[in-house]
Amino acid sequence: MEAHDKGCETCAFYNAAHLKKLGVNTENADYVIALAGNPNTGKSTVFNALTGLRQHTGNWPGKTVTRAEGGYAYNDKKYRLIDLPGTYSLLSTSEDEEVARNFILFGRPDVTVIVVDASRLERNLNLVLQVLEITDRAVLCLNLMDEAKRHGIAIDDRSLARELGIPVVAASARSQEGIPELIQTIEEVANGTIRCKPHRIKNLPKELSDAVDKLSAQISKNFPDLPNSRWVAMRLLDGDADVRKALETGEFLTATA
Amino acid sequence: MKKDNTDKILEMASSLRWEMGQDYHDKLTEGIYADASAISGKVVIQEGVNTNTTFDRKLDQILTSRKFGFPIMLFILSVVLWLTIQGANVPSGLLADLLLGNIHPWLKGLAAAVNMPWWLDGFLIDGVYMAVAWVVSVMLPPMAIFFPLFTLLEDFGYLPRVAFNLDDWFRRTGAHGKQALTMTMGWGCNAAGVVATRIIDSPRERLIAIITNNFSLCNGRWPTQILIATIFIGALVPSSLSSLVSTATVISVAMLGVFFMFLSSWLLSRTVLKGQVSTFNLELPPYRPPRFWQTLYTSLIDRTLIVLWRAVVFAAPAGAVIWLISNISISDSSIANWSIDYLDGFGWLLGLNGVILLAYIVAIPANEIIIPTILMLTVANLNMMGVGAGDGVMFELDSDTETGDILRSGGWTLLTGVNLMLFSLLHNPCSTTIYTIYQETKSWKWTAVASLMPLMLGFIVTFLVAQVWRIIAG
């Protein structure tokens, strides 16, 4: 998944020395990075580790309800990082979930970093799979590895990356472990060195997947530039008023341009 | 062309929806879970017995048990408050000595040396500087103890357990269980609590949470409660017991706030905000050992100093206003005295007095400056000689006893103290919170309800207490 055989220059630790934490300065960013994840997976800790900001962190779900922004520079590129509210899903209508969903859908981040709790992977994957229907440029940050280890849980991160079709970085953001690798991986996805082939939801009953395929084919025929026609189809079939409106007002198209 | 395309898609979507029937959403969700479970089955390796989870579960069984959940909650809150009351005394005195005992005379001397006109000297040094100095010496020590302790509990993972314990009560009142979380946020700051209600999906339940958040004692009000409890309640018992009794008193007021939150949530959900209670999943996160020093550092820098700064920003102009109304006279009496006389009758009905009501008007921007404002106005109104530094000067007294003496000579009784504590719990939110409520609801109507309902409740409760008290006391 990652580029190899180039010696020091591609080694995360070599390059992490060049990380510049820019705090709240997010002007003239080359790339926009969204940080998504379930509540209480350490998203804000990852955010703080990258930006040098000290956004308050706390051990309870629903702590971040607005999106916070910060920036960092790495290898001469500037990154704008958006910490989205933690959500369990993107299918409901509470304000925090809408903030997260609309940003990934309409904000078109260059890379979406999905932070998950390694010791609760199965539950966290619910959101991951939904995000992967929307965007095909994502990195999975397998956070809280230290905690998982204490709980006697190990994760085969290479298989996970293969299953999901996106790079997976194991991390313990509290102690800065995995952060250099994460920065490096974000860069490689942002500049196209790594191409993702994200997992699409498979276990749908036949009549459902047929309907989704049929509608999504129609959507991509009419809007060839839309990267997430399948997600749009799924939402339309669910009667999502926001997505329907976005289609009518052409918001999807302006976002593409 | 584009419109045709869109129409075609929407048409197809609606006919497909028709064919698929009702349970599309559930089947989609099931499909996603099936994928998630298939993937995690391939990559997660569970080694040996999971000792940590069993520990977590045992701890949860105790902390959220029907029998012990509430007592433990009260006990933890008591310990936090007791440490705050005990620990804040000494540094508060030291700061007051420095800022008010030493720097203030030095500034006055400096002003005299450069022949500053009396009104400018009074306005800046006796008004603005004193207000700021008072807020710093009264607020900083308790906050520097309370916030880190609260943050440690938060990092450990205790807050969701509190929410879990209270969830059932909130549901019974027709509100959302997550309101328990926004309530605990409100104990730090009501404006933050109001913003935190965004985690509640249903607009109806969110409004209830917003309107009732003010019943959480915020950090601007804890010091008032602590001070008045120490002076009027703690003084009733031998000094060895007084901080315990004061702690218990403050806890009772905080719990009374919780009770009023339940009561008003219940009333709202039975009347103007009727509707179904929505269900939700509350995840109990794992207990995590807090990183002690980092928590200490961030809660000092991020919370304490930010809140303190806010208090200072609001205290400075309030100090100026107090000095002005005390020094601008209309036919032989200052504006402050006129207002106090005017409000005294109504204040008496509530078991309070005109000074307290005027203080609450002046101090709308920040609850933190209530006590200094009250003291200053009391002294100015009584024309006390030999205490304080003159009209419209906020000052610090050497000890709680002396503060108590001033208040008693201003006509305060035990009833005044008790009712001030009640009124501090039940009155309009500070202006920041009011503005935040408007930002979140975008409705003047609900902002007005959220601001006036607690005030009315405060009037009613203090009025009733005063009447009953006077009948019993004869």
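Is Asp240(A) buried or exposed? Asp240(A) is buried, since its relative accessible area is 9%; buried means under 20% relative accessible area, exposed over 50%, and partly exposed in between, with a 1.4 Å probe and protein chains only. This is a predicted model, in which local features need pLDDT of at least 70 and side-chain atom pairs count only at pLDDT 80 or more, while totals for chains, interfaces and linings use all residues. Residues are numbered from 1 along each chain as its sequence is written, chains are lettered from A and ligands numbered from 1 in the order in which they are written, and side-chain values use heavy atoms, with hydrogens and water left out.

The side chain of Asp240(A) forms a salt bridge with that of Arg101(A), at 2.7 Å from N to O. A salt bridge here is a side-chain nitrogen of Lys or Arg within 4 Å of a carboxyl oxygen of Asp or Glu. Asp240(A) sits in the loop between α9 (229-237) and α10 of chain A, and Arg101(A) in helix α3 of chain A, so the pair links distant parts of the chain, 139 residues apart. Helices (H or I, at least four residues) and strands (E, at least two) are DSSP runs, numbered from the N terminus. Arg101(A) is buried too, with a relative accessible area of 3%. Both residues belong to a network of salt bridges that also links Arg235(A) and Asp238(A).

Helix α3 (residues 95-106) and helix α10 (residues 241-249) of chain A meet at an angle of about 30 degrees, with their axes 12 Å apart. Axes are lines fitted to C-alpha atoms, for helices over the stretch in contact, and angles run from 0 to 180 degrees between N-to-C directions. That angle makes α3(A) roughly parallel to α10(A), a term for angles under 35 degrees; over 145 counts as roughly antiparallel, 65 to 115 as roughly perpendicular and the rest as oblique. The crossing is right-handed, which means that the near helix is turned clockwise from the far one by less than a right angle.

Over all chains, the whole structure holds 20 salt bridges. Among them is the one between Glu133(A) and Arg230(A), at 2.9 Å from N to O. Glu133(A) lies in helix α4 (residues 121-134) of chain A and Arg230(A) in helix α9 of chain A, so this pair ties together parts that are 97 residues apart in sequence. Glu133(A) and Arg230(A) are both buried. Another salt bridge joins Asp117(A) to Arg120(A), with the closest N and O atoms 3.4 Å apart. Asp117(A) is buried at a relative accessible area of 2%, and Arg120(A) is buried at 18%.

Chain B carries a nonpolar surface patch of about 550 Å², made by Phe75(B), Val79(B), Trp82(B), Leu83(B), Leu241(B) and Leu244(B). Patches are made of residues with over 30% relative accessible area and no salt bridge; like charges are joined within 9 Å and nonpolar side chains (Val, Leu, Ile, Met, Phe, Trp, Tyr) within 5 Å. Accessible areas come from the Shrake-Rupley method with a 1.4 Å probe, and for residues only the protein chains shown count as cover. Leu83(B), in helix α4 of chain B, is partly exposed, with a relative accessible area of 37%.
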